[in-house]
Amino acid sequence: MRNPKIKTSPRLLSMLAAALLTATTLTAATLVAPVSPVQAESQAIVDPARGVADLVDQVMPAVFSVQVKFANVADNGTAAPGDNGGQPDLRGMPDNFRDFFNQFPQFRDQQPGQPNRRERGMAQGSGFIISADGYAVTNNHVVQNAEEVTVTLHDGDELTAEVIGTDPKTDLALIRLKAPDRAFKFVSFSLEEPRVGDWVMAVGNPFGLGGTVTTGIISARGRDIGSGPYDDFLQIDASINRGNSGGPAFNLKGEVIGINTAIFSPSGGSVGIGFAVPASTAQTIIDSLRKDGTVTRGWLGVQIQPVTADLAESLGLEAGKGALVSEVTDDSPAMKGGVQSGDTILKVDGKEVMDARDLARKVAQIPPKKTVDVAIMRDGKAMTLAVEIGTMSNTGAKLGSTGTDEKTGLASLGLTLAPAADGAGVQITAVEPGSAAEERGLKQGDVILEVAGQQVNGVGDVSNAVKGGKKRVLMLVRSGDGQRFVTVPVNRG
């Protein structure tokens, strides 16, 4: 059987050819957009299956390597605990993180408990340009204590740079390249929130080798690695090594989605676990450094703790989200706005609070003197308070000492209690080994201030709360100079 012949007119053939040409053009435009010749921040969308060479060509002119001459600060003493001369306190970090930071001699030779020595040295890192007039970003730990900063551009030009400002808490620094008559290629921060699984490209100066490109994906978000109070790292699997510090991680549009800052590594080399400061955090910090040379953060004035599943049940919450206020600082914005101990903060400035650390980050980003709505849960009732955010300070309330008297046993809690010497609450004089109270960190000398939302004036208040038939008892406990909420199961055996 023969195939029938189909008659086609020249006009039809012309229309089909035009349609195929149009389809081909649309497909190509979707994969690779034209590269802007003006600046390195063009919105190219790259198909990673076809390589990222075009993306590299776009962004490379804005990325540089950094060489720093520095001198440690001499003070003939030792660094104060938690201060470390302005450096991140590495004592609580896992060894693998410390190994990464210890590549920089200004860290290694200025650890807490060691005398500060006056000595010169060199450090290397990476950075990237964010404006045509030469403002650029790198890590604080790269340029900390710098006496001289030199950058080497992708074309081999060497320029000196000045440090405009640094922020040790987020490990970011703003520098400016000294070339007043030169218009630099630059890149921009991404305005979109990155997603787990998005492609990323890291560019930097690993081991001093110069411009090096690696690719991977975002493996996780919101990582806390113990390097500071505002940890909110992106975890990426693109290879990051020593010398990549301060370099950019790009999305496929050529926008910066993060600043490469740390790695987790048993060996000091990349094992596919790197951490980058998100662009959303970095842009706020860098804008503040560019404007004022320093970072001003919002301050609420509360001590907070996470809402665990046990606490959520005791507080009448549907889920373990939010931040539980364990203490309100005297004369703080929170106290003036009506926040009380025992409140659970669920939203601030219209944004949901996931946990205690999330609240700290969100408040820090609010400009001081701005009045915001703070949504709370108090005694099972939802409320909204108007609070004028203050400027972050280090002041805090100091609480009184405690003593012992008239010991009483509460076997169901595994505690022995006595009235506190200052009359505020009752003091724990003994904790039964292996009890639920011990498992939850209660210890001799702690003071119970509240039970089930009621102020404790004597041992009888605690006994009455236990007799109420609840399976768990929510307590506000003072330990040293701080206080926290603890849920203790009642043993009815």
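Select D232, D358, R361 and K362: these residues are linked in a network of salt bridges. A salt bridge here is a side-chain nitrogen of Lys or Arg within 4 Å of a carboxyl oxygen of Asp or Glu. The model is predicted, so local features need pLDDT of at least 70 and side-chain atom pairs count only at pLDDT 80 or more, while totals for chains, interfaces and linings use all residues. Residues are numbered from 1 along each chain as its sequence is written, and side-chain values use heavy atoms, with hydrogens and water left out.

**Stop 1: salt bridges**

Stay with D358 and K362, whose side chains meet at 2.8 Å, N to O. The two are 4 residues apart in helix 9, which means that about one helical turn separates them. Helices (H or I, at least four residues) and strands (E, at least two) are DSSP runs, numbered from the N terminus. An α-helix has 3.6 residues a turn, so residues three or four places apart point the same way. Are D358 and K362 buried or exposed? Both are buried; buried means under 20% relative accessible area, exposed over 50%, and partly exposed in between (1.4 Å probe, protein chains only).

Next select R357 and D224, which form a salt bridge at 3.0 Å, N to O. R357 lies in helix 9 (residues 356-364) and D224 in the loop between strand 8 (212-223) and strand 9 (233-236), so this pair ties together parts that are 133 residues apart in sequence. R357 is partly exposed at 30% relative accessibility, and D224 is partly exposed at 43%.

Then go to K443 and D446, another salt bridge, with the closest N and O atoms 3.3 Å apart. K443 is partly exposed, with a relative accessible area of 41%, whereas D446 is buried, at 2%. The whole structure holds 18 salt bridges.

**Stop 2: helix 6**

Select residues 279-292, which make up helix 6. Its 14 residues reach 20 Å from the first C-alpha to the last, close to the 20 Å expected at 1.5 Å a residue. The expected span is 1.5 Å times one less than the number of residues.

Now colour the buried residues of helix 6: A279, T281, A282, I285, I286, S288 and L289. What covers them? The cover includes strand 3 (135-139), strand 5 (158-167), strand 6 (172-177), strand 11 (256-263) and strand 12 (274-278).

**Stop 3: the cores**

A nonpolar core is a set of buried Ala, Val, Leu, Ile, Met, Phe, Trp, Tyr and Cys residues joined through side-chain atoms within 4.5 Å. The largest one has 32 residues, of which F128, I130, F189, M201, F250 and I259 touch the most other members. Elements that each supply at least two residues of this core include helix 2 (53-59), strand 7 (199-204) and helix 6. Helix 6 gives the largest share, 5 residues.

Centre the view on M201 and show its contacts (heavy atoms within 4.5 Å). Leaving aside residues up to four places away in sequence, M201 touches V52, L55, V56, V59, V213, T214, T215, P248, A249 and F250.

A second, separate core has 21 residues, including L442, V459, V466 and V473. Select helix 11 (residues 459-466), where V459, V462, S463, A465 and V466 are buried. They lie on the same side of helix 11, because they cover an arc of only 160° around the axis; the arc is that of the directions from the helix axis to the C-beta atoms.

**Stop 4: aromatic pairs**

The structure holds 2 aromatic pairs. Rings of Phe, Tyr and Trp (its six-membered ring) pair if their centres lie within 6.5 Å; planes under 30 degrees apart count as stacked, over 60 as edge-to-face and the rest as tilted.

Select F128 and F189, an edge-to-face pair at 6.0 Å centre to centre, with 80° between the planes. F128 is in strand 2 (residues 120-129) and F189 in the loop between strand 6 and strand 7, so the pair ties together parts 61 residues apart in sequence. Both F128 and F189 are buried.

Move to F233 and F275, with ring centres 6.2 Å apart and planes at 70°, so this pair is edge-to-face. F233 sits in strand 9 and F275 in strand 12, 42 residues apart. F233 and F275 are both buried.

**Stop 5: two loops**

Most residues other than glycine have a negative phi. N145, in the loop between helix 5 (140-143) and strand 4 (146-152), has a positive phi near 65°. D171, in the loop between strand 5 and strand 6, has a positive phi near 60°. D171 is buried, at 5% relative accessibility.
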